[in-house]
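Have the model open as you read.

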Amino acid sequence: MCSLKEVTFSGCDALDSYNCPNSVESLEIRDCDSLTSLTFSAMQEHPLPLTESIISDFNNIKSDKPIPTYRLTSLQIRYCQNLKSFPHEHFQCLTSLEELWIYECPRVVSFAVANDVRNTTSSSSSFLLPPSLVSLELHDFVDVESFSEVLQHLPCLKTLYIRSCPKITDLVTIYDPSNLTIDVWE
């Protein structure tokens with residue numbers, strides 16, 4: 001398994017756990033409702049080469065240990081009905097994350113930026129965003145009401161796409177077209 005670079009699971013109803021090998025660069029998990037445990041072979045001193053990940057259509061996943069993904073630059077989280085926030089203890093490993101897509105996770109009601117992940121507690125109810133983001137795409141967050149405060153703490157952000165988030169109406173106050181492209185669709 002040392003040469004395994006890409007892993008994709010889709011519609012695997014019998015899959016209840018998966019231990020990701022150290023060599024994986026791209027991980028995609030879709031519609032695996034029985035999956036409850038996702039672990040990684042890599043340790044802090046030997047992080048995964050993982051740079052891209054898609055997590056979609058599952059609701060029971062748990063990961064007790066931080067994901068050693070310091071190189072992860074692209075992450076998609078889609079259709080995860082029970083997701084409220086990204087586990088704070090995992091956040092410290094996302095220092096290279098540049099692209100984030102979050103679609104239809106209806107229990108997320110607010111966002112925040114963790115400027116100092118060491119001081120972030122797991123009691124926060126907001127979905128934390130890393131300040132390293134260059135591109136952010138949000139879809140179908142009907143209960144999120146404000147985003148301008150969060151946006152002010154994303155210094156690297158160049159592109160923001162917002163789709164079907166009807167209560168987010170406060171973007172005009174911070175919009176600077178020379179630094180940031182914002183695309184809003186109802």
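**Notes on charged side chains**

1. At 37% relative accessibility, Lys-167 counts as partly exposed (between 20% and 50% relative accessible area, with under 20% buried and over 50% exposed; 1.4 Å probe, protein chains only). Its side chain meets that of Asp-143 in a salt bridge, 3.8 Å from N to O (a side-chain nitrogen of Lys or Arg within 4 Å of a carboxyl oxygen of Asp or Glu). The pair links distant parts of the chain, 24 residues apart: Lys-167 lies in the loop between β11 and β12, and Asp-143 in the loop between β10 and α2. Asp-143 is partly exposed too, at 36%.

2. A word on the basis: this is a predicted model, where local features need pLDDT of at least 70 and side-chain atom pairs 80 or more, while totals for chains, interfaces and linings use all residues. Residues are numbered from 1 along each chain as its sequence is written, and side-chain values use heavy atoms, without hydrogens and water.

3. How many salt bridges does the structure hold? There are four. One of them joins Lys-5 and Glu-25 at 3.7 Å, N to O. Lys-5 is partly exposed at 39%, and Glu-25 is partly exposed at 35%.

4. Glu-28 and Arg-30 also meet in a salt bridge, at 2.1 Å from N to O. Glu-28 is buried, with a relative accessible area of 18%, whereas Arg-30 is partly exposed at 27%.

Note on methods:
Helix = DSSP H or I, 4+ residues; strand = E, 2+ residues; numbered from the N terminus.
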